Structure formats: C-alpha cells, structure tokens
Amino acid sequence: MKKAVSFLLIAMALTVTACGSSKSGKTESTISIAEDQTESQAQSGSAEAVIGAEQNSAASTASSIEGIPNPFMEYASIEEAQEEAGFELTAPESIDGYPQKTIQVYENEPKMLEISYRKDEEEICIRKRASEKGDAEDISGIYTEYTKSETYEQNDIFVTMKGDLELYHVATWMDGDFNYSVYTDKGMTQEAMLKFVAEIK
C-alpha cells in the first residue's frame, strides 16, 4: 500500500519540477530586469515531498523516478516546441544577465510550453498552457507561501502577483483561452513584473 501511494505522489511531483529547477511565435527584444531587485529567500524542498517537491533541483535529473519518465521534453528551438505544444508563445529572445535558456514542453495533456532563463542559481521561468476549465489557474508549479498576494488590472487582464516585502516572485494570469505564469527566484518590483508580463503572449 505504501509503495502504491509513494508511486502516485512521485507522479504528482514530477508535474511541477521544471519551473524553479535547473531547467511561430515571434520573440520580443531583450528585456533588462530592474536593478533594485534584491535577493529573496531561496526555494527549498525535498524530492520526496508531495507538492513541495524540490523546485530547485535540475529537471533533467528527474528524467526517471521509479520508472516514471520525465514529462518535460527539451527542444532546441521555440518553433519546434510550439509545434509539439500546438500553440505559440511570445516571450523575450533573451534577458540581460541570464545567459542560459532552456525551452521545454510538458508533453502530457494538457500540454504546457515553458521557457527558463538562467544565471548560475538564479532563474526566470515563463509558462503557458491552455485552460482546462475555462478559468484562471496557477500553473507556475511554485507552492511557496509568500506574505502577500495582490491582483492588478493591466490591459483588461487581471494579473495576480505573489511575493515578500517590495518584491514579487510569481505572477499568474489568463488571456483568452490560455493561462500564463512567471516565476523569478530573485524577485521583481511591481512595475518591473507588470512590464515583463506585458511582453508575454
């Protein structure tokens, strides 16, 4: 019985390990992140936890756990990823200070397209997925309990942002039939986050 439960929990954990881990649409120009960002509390967790599965572990290291294949598949180009996902994602071609870029598709239904920009242990992760229920959903895969959660209206879209003090780490919103999310472990100011969200389609 314990083995069956463990198997189920690990399967659930695999669906949230790409964002926050070492991981044709037109792309926008390079975006500079506000310099007033400060270091926030690092994400932590355990690979054996359920929803709190280690968000900062490399997605590639989770390629197989007890025979469960990693549902995220990496692609060399955004065009290939978009073809697999079945929809387009407009996002920055690059971000100043984040030289590494990974493009992945969560290949189980409903499919999700993810772009992760990295600098050492710092990450900015963008996700897009078709809405299952026609409602706004948090697809970030981040389950940290932040001290504040606020919703802002921007261009007739309601963006929910979560963070601590003056910085926000997660933004989620719905536009048309798709849900979106942004995660940054370093954090962004309200202005910087809303500006960044406006570049994503």
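Two hairpins

In the hairpin of strands E5 and E6, two residues lie between the strands, and Asp120 has a positive phi near 55 degrees. E5 covers residues 112-119 and E6 covers 122-130. Strands, like helices, are DSSP runs numbered from the N terminus (H or I and at least four residues for helices, E and at least two for strands). E5 and E6 pair in the antiparallel sense over eight bridges; two strands count as paired if DSSP finds at least two bridges between them. Within this pairing, Glu114 stands opposite Arg127 in E6.

E7 and E8 also form a hairpin with two residues between them, and Asn155 in the turn has a positive phi of about 55 degrees. Seven bridges join E7 (residues 148-154) to E8, and the two run antiparallel. Thr151 stands opposite Thr160 in E8.

Basis of the model

This is a predicted model, in which local features need pLDDT of at least 70 and side-chain atom pairs count only at pLDDT 80 or more, while totals for chains, interfaces and linings use all residues. Residues are numbered from 1 along each chain as its sequence is written, and side-chain values use heavy atoms, with hydrogens and water left out.

The sheet

Eight strands make an open sheet in the order E3-E4-E5-E6-E10-E9-E8-E7, with antiparallel pairing. Its edge strands are E3 (72-75) and E7, each of which pairs on one side only.

A hairpin of five residues joins E4 to E5, and seven bridges hold between these antiparallel strands. Tyr106 stands opposite Met112 in E5, and Gln104 has Glu114 in E5 as its bridge partner. E5 is mostly covered, with seven of its eight residues buried. Buried means under 20% relative accessible area, exposed means over 50%, and partly exposed is in between (1.4 Å probe, protein chains only).

The nonpolar cores

The largest nonpolar core has 32 residues, of which Leu113 and Trp173 touch the most other members. Such a core is a set of buried Ala, Val, Leu, Ile, Met, Phe, Trp, Tyr and Cys residues joined through side-chain atoms within 4.5 Å. Elements that give two or more residues to it include helix H2 (78-85), strand E4 (100-106) and helix H3 (190-198). H3 gives the most, with five residues. Apart from this core lies another, of six residues, among them Cys125, Ile142, Val170 and Tyr183.

Leaving out residues up to four places away in sequence, Leu113 touches residues including Ile78, Phe87, Val105 and Ile126. Contact here means heavy atoms within 4.5 Å. Ile124 lies in strand E6 and counts as buried because its relative accessibility is 0%. Ile124 and Gly187 are 63 residues apart in sequence, and their C-alpha atoms are 9.0 Å apart in space.

Aromatic rings and charges

The whole structure holds four aromatic pairs. Rings of Phe, Tyr and Trp (its six-membered ring) pair if their centres lie within 6.5 Å; planes under 30 degrees apart count as stacked, over 60 as edge-to-face and the rest as tilted. The rings of Phe87 and Phe178 have centres 5.1 Å apart and planes at 55 degrees, so this pair is tilted. It links distant parts of the chain, with Phe87 in the loop between H2 and E4 and Phe178 in strand E10, 91 residues apart. Phe87 is buried, because its relative accessible area is 10%.

The charged end of Lys128 sits over the ring of Phe178, 4.5 Å from its centre. Over the ring of Tyr168 sits the charged end of Lys148, 4.2 Å from the ring centre. A charge sits over a ring if NZ of Lys or CZ of Arg is within 6 Å of the ring centre and within 35 degrees of the ring normal.
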